[in-house]
Amino acid sequence: KTRVYKFGNKTADGNSKMKNLLGGKGANLAEMSLIGIPVPPGFTITTEVCTEYNLLGKDAVVKMILPEVEESIENIEKIMGAQFGDKENPLLVSVRSGARVSMPGMMDTVLNLGLNDEVVIGLAKRTNNERFAWDSYRRFIQMYGDVVLGMKPESKDDIDPFEEIMEALKHKRNIKLDTEFTIQDLKDLVYDFKEAVKKRTGHDFPTNPWDQLWGAVVAVFNSWNGDRAVYYRKMSGYPSDWGTAVNVQAMVYGNMGDNSGTGVCFTRDAGTGEDVFNGEYLINAQGEDVVAGTRTPQQITKLGSLRWAELAKVEEEDRFKNYPSLEELMPNIYLELNGYQQKLEDHYKDMQDMEFTMQDGKLWILQTRNGKRTGAAMVKIAIDMLKQGMIDEKQALLRIEPNKLDELLHPVFDPKSLKKAHVIAQGLPASPGAATGQLVFFADEANKYKYTILTRIETSPEDLEGMNIARGILTARGGMTSHAAVVARGMGKCCISGAGALKINYKTRTLTVDGKEYHEGDWISLNGSTGNIIEGKVSTIEPELSGEFAEIMKLSDKYATMKVRTNADTPKDAKAARNFGAQGIGLTRTEHMFFEVDRIKAMREMILADTVKGRKYALDQLLPMQREDFEGIFEAMQGLPVTVRLLDPPLHEFVPHQLTQQKELAEEMHISLEAVKSKISELEEFNPMLGHRGCRLGNTYPEITEMQARAIIEAALNLKAKGIVAIPEIMVPLIGTVEEFEMQENIIRNTAQKVFEEYNDTIEFLVGTMIEIPRAALTADLIAKKAEFFSFGTNDLTQMAFGYSRDDASKFLPIYIEKGILKVDPFEVLDQEGVGQLVKMGTEKGRSTKPNLKVGICGEHGGEPSSVEFCYNVGMNYVSCSPFRVPIARIASAQAAI
Ligand code: PEP
Ligand code: MG
């Protein structure tokens with residue numbers, strides 16, 4: 001089997017379809033080479049070798065792939081006309097990781113590999129550029145030290161030995177920038193760096209290029225199991241057995257002088273989705289300089305440059321002189337690059353994120369991948385590409401990552417409140433959104449307050465976890481393609497980068513703007529769409545769901561066959577969900593209505609009543625309140641089915657546990673405090689989740705069911721009189737035997753009959769049940785003889801199938817996930833392997849007696865994309881989820897049907 005795949009000079013052993021084997025980067029490098037894009041030649045060691053490495057270790061793996069690697073290096077040598085390790089005409093290479101999907105900042109890169117004390121002299125002669133050669137050498141030692149030899153600082157208290165040496169030299173020479181180092185300075189740095197390596201590792205820096213190469217390859221493999229990579233995989237749900245490929249490529253240099261440079265570009269705007277080519281570059285720099293955000297990058301297009309200058313308040317003269325676009329500075333290179341970006345987007349039919357380098361006037365494309373984007377950009381690009389005829393409707397729908405829609409549904413700043421806002425500074429609108437939070441300056445303190453704004457001079461991959469926790473991200477340095485910007489857009493998190501006016505002091509934990517000091521804990525607000533940084537809190541409003549969002553949702557309805565309902569307990573939630581496109585209510589939890597102050601009193605009286613008469617008296621008080629609730633909900637959902645569930649939770653949840661409240665209750669009910677207390681302790685259960693709840697309440701206290709059934713039917717009839725169509729579906733919770741259901745059904749139907757007679761009118765309604773106890777799933781064929789619909793309550797079903805208490809699982813689930821016992825939280829993502837069997841069996845058995853049985857799900861899983869797909873495959877009629885997840889479920893439902 002082939003373990004090493006070559007590419008370059010318009011040929012390649014692999015192609016873009018081989019992402020699993022070659023990683024995303026390797027597969028795309030091969031593909032680019034095949035379609036005639038100038039990529040530096042190289043080769044990819046497959047992801048399978050990474051897995052072999054984890055099993056067999058370094059020596060065995062090196063032996064196994066040595067002949068293929070030697071042959072591949074020869075191939076590069078032939079194309080580039082230079083030799084690896086040669087003193088006269090040296091070939092240098094880069095070594096990078098590349099997993100199936102890109103993991104920003106997760107894996108490490110080594111550039112300029114192959115340099116040593118002799119090769120550097122050859123390189124200087126050959127390129128006629130001594131400064132460049134020594135600068136490359138010192139960068140190489142630094143990167144190799146960090147990445148391969150483990151000298152990268154672990155925490156903020158740790159110092160980077162290389163940075164320390166550079167800072168000391170700058171101080172001594174009284175200079176500020178790296179570019180001010182003389183050639184002798186660079187030589188001194190190389191010497192000092194090597195000393196630092198020896199001091200830290202106990203070994204000399206490796207001088208043999210082949211040793212360097214194997215060291216780097218192994219470091220890439222090891223980085224697959226590094227903390228950050230593991231965290232990112234966990235966050236994204238990627239399995240750990242994918243492994244990473246290693247890409248070795250001929251070096252090309254962006255730092256060979258003023259006719260060289262490097263940059264990052266996007267075929268469309270990754271923040272807004274606008275169809276404009278954009279990106280940033282730096283003259284005389286290597287790739288890391290652009291992303292690290294240490295120099296202010298320039299824009300690729302003239303349009304971008306003008307927009308940037310306006311935001312950064314740079315005068316046109318200054319802009320043209322100091323920050324010209326590539327389009328203005330090097331028109332020919334720009335035209336060539338523009339041609340490639342069009343070709344690549346046409347080829348991949350998706351927005352591309354590319355890296356390029358110009359070496360002495362020659363343009364090379366180093367990398368291309370589908371660009372990360374915000375939720376808004378995701379939707380706009382899908383719709384635009386559909387309209388541009390690049391993709392079809394199904395492809396457009398499949399371009400939507402359902403969970404990312406969440407970003408579009410959440411509040412934006414209220415324009416009124418924004419008018420009053422005091423803008424203290426402006427940065428680049430790196431990732432849109434509105435964020436208000438308290439200032440923190442360190443990623444590991446992002447959870448110090450409930451809402452935080454992580455504020456950094458610049459961010460690095462170590463900050464990933466904190467960035468994920470923070471509400472918004474603010475950096476003083478870095479452009480639109482800085483680490484912070486790219487990562488934030490991927491997370492859909494509001495981010496402002498490159499706000500140069502901010503002076504951040506980590507020691508004093510302060511932020512100073514225009515002489516005014518802000519401290520850790522102070523509130524600020526970020527408008528990621530304009531780049532405005534605002535003092536204090538700004539209030540927010542609901543977003544408008546029009547334009548491309550509405551178009552994609554409409555498109556989803558064309559393909560989705562499984563309906564999406566919502567779980568809603570109030571008219572307000574019902575209305576919100578309907579706006580999001582809910583096609584009915586799948587669950588109204590009636591108990592939620594009883595928690596309001598004036599209702600809970602009547603509820604408590606009902607619970608504490610000793611006699612049926614007493615209970616009925618209290619229920620009579622509750623009836624009009626319930627009826628009013630149902631009228632509101634039915635009206636909001638008119639014409640659509642509304643599933644109302646009978647009372648479910650353990651009764652003691654409603655009784656007062658505080659003495660003062662108990663006293664009040666005693667007074668109100670004209671009974672003694674002792675009587676109240678003893679009743680409360682009677683209700684106390686060892687295991688409330690498995691105790692006196694669900695249909696067990698209605699079967700022991702039938703008058704509760706009577707009251708609820710009456711309220712539902714009366715509400716529907718009252719609306720009917722007003723010409724409003726209500727379609728109630730009455731749902732019995734927590735049944736385990738068909739007899740439990742039958743008893744409830746009789747009460748409901750008898751009550752309905754009575755009400756019909758009283759009103760001298762009727763309505764249509766269904767009586768069905770939840771399937772949330774394993775026994776119900778096992779005997780679903782019997783239950784379906786009676787029940788008119790099933791709704792899977794996968795919260796309880798998960799609880800009872802796993803035997804994990806819903807109320808206590810948070811104590812051990814995170815540890816289970818960390819240890820890999822569970823991949824994900826089964827209360828969030830439906831466990832298809834186990835709980836899923838009960839769902840599938842329940843559906844099949846139910847339909848074996850009643851072929852047209854209506855089946856849905858109303859557990860939390862109903863809004864989780866992978867679970868929605870499962871429900872579709874099982875053959876459900878609908879899923880039901882919380883209002884904000886409705887659009888997500890609609891897209892997931894359409895995708896499942898495609
Ligand atoms: C369920 O158990 O899945 C369900 C929807 O009911 P609840 O969460 O109210 O127990
Ligand atoms: Mg339940």
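Reply: Start with a pair of strands. Strand β9 (residues 261–266) and strand β10 (residues 278–283) pair in the antiparallel sense over six bridges. Strands here are DSSP runs of E, at least two residues long, while helices are runs of H or I with at least four residues, and both are numbered from the N terminus. Two strands pair if DSSP finds at least two bridges between them. Within this pair, Gly261 stands opposite Ile283 in β10.

A word on the model. It is predicted: local features need pLDDT of at least 70, side-chain atom pairs count only at pLDDT 80 or more, and totals for chains, interfaces and linings use all residues. Residues are numbered from 1 along each chain as its sequence is written, and chains are lettered from A and ligands numbered from 1 in the order in which they are written.

Now widen the view to the sheet. β9 and β10 belong to an open sheet of five strands. The order is β11-β10-β9-β12-β13, with antiparallel pairing. Its edge strands are β11 (298–299) and β13 (362–370), and each of them pairs on one side only. In general, strands of a sheet pair through backbone hydrogen bonds, either parallel or antiparallel.
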